[in-house]
Amino acid sequence: MAGIKRRTGETEIRVHLNLDGTGNYQIRTGIGFLDHMLCLFTRHACFDLELNARGDLEVDGHHTAEDTAICLGRALKEALGKKEGINRYGHALLPMDEALVLVAVDLSGRGFLAYDVSLPSPRVGNFDTELVEEFLRALALNGEFTLHVRLLAGRNTHHIIEAIFKGLGRALKSALAADPRTPGVPSTKGLL
């Protein structure tokens, strides 16, 4: 479990994350579409997540989305601890109607995002779709894990983004799963 708070001149974020949860969530960012995606992510990861964010939405959603990802990434890193006895790697090939997305993670201790997704529409409702990449980058860098996201098929922007967030949840769930044959850290270095 981990708790993170962050306050800037632009945002105020509070996150409480339990990796050994059942998919329960209470999420309020002020950005409806982002809330929806984080609920899906949490449910598919089987985490429990309480997340409250207030930001300068009168400007736009950028600061709120990015700072939310920073806090969620830091909470994930803190909750992972020494990473002993986990799979370390996880992936999901996730369909959402006509959309098909590949998401792969390595809980390597090195933050990196490879994002190969072209979104057909610049907006879904009031949500700026370019914030998906910004969110994922901030999450991976602050969570210190490698994240690859690749769009294999899709025409509907909502479906594509939904597949990304569900796939991310499933990939992290797999990477965090206990591996009884690896009692220590899953690395020849002995440290992640």
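**Strands, helices and core**

A: Start with E3 and strand E4 (residues 48-55), which pair in the parallel sense over four bridges. Two strands pair if DSSP finds at least two bridges between them.

Q: What kind of model is this?
A: This is a predicted model: local features need pLDDT of at least 70, side-chain atom pairs count only at pLDDT 80 or more, and totals for chains, interfaces and linings use all residues. Residues are numbered from 1 along each chain as its sequence is written, and side-chain values use heavy atoms, leaving out hydrogens and water.

Q: OK. Which residue in E4 is opposite tyrosine 25?
A: Leucine 49.

Q: What's the strand order in the open sheet with E3?
A: E1-E2-E4-E3, four strands with mixed pairing.

Q: Why is one side of E1 and E3 left without a neighbour?
A: Strand E1 (2-7) and strand E3 (25-28) are at the edges, each with a single partner strand, so one side of each has no neighbour in the sheet.

Q: What lies across E3 and E4?
A: H1 does, running at about 160° to E3. Angles run from 0 to 180 degrees between N-to-C directions; axes are lines fitted to C-alpha atoms, for helices over the stretch in contact.

Q: And how do H1 and H4 cross?
A: The axes of helix H1 (residues 32-45) and helix H4 (residues 157-176) come within 7 Å and cross at roughly 35°. Residues of H1 that meet H4 include Phe33, Leu40 and Phe41. Contact means heavy atoms within 4.5 Å.

Q: Switching topic: which strands does H4 lie across?
A: E5, E6, E7 and E10, running at about 150° to E5. Those strands form an open sheet in the order E5-E6-E10-E7, with mixed pairing. Its edge strands are strand E5 (89-96) and strand E7 (112-116).

Q: How many residues are in the largest nonpolar core?
A: It has 64 residues, and Leu136, Leu147 and Ile164 have the most contacts inside it. The largest share, 10 residues, comes from H4. A nonpolar core is a set of buried Ala, Val, Leu, Ile, Met, Phe, Trp, Tyr and Cys residues joined through side-chain atoms within 4.5 Å. Buried means under 20% relative accessible area (1.4 Å probe, protein chains only).

Q: What does leucine 136 touch?
A: Leu113, Tyr115, Leu147, Val149, Ile164 and Leu168, not counting residues up to four places away in sequence.

Conventions
Helix = DSSP H or I, 4+ residues; strand = E, 2+ residues; numbered from the N terminus. Buried < 20%, exposed > 50% of the residue type's maximum accessible area, 1.4 Å probe, protein only.
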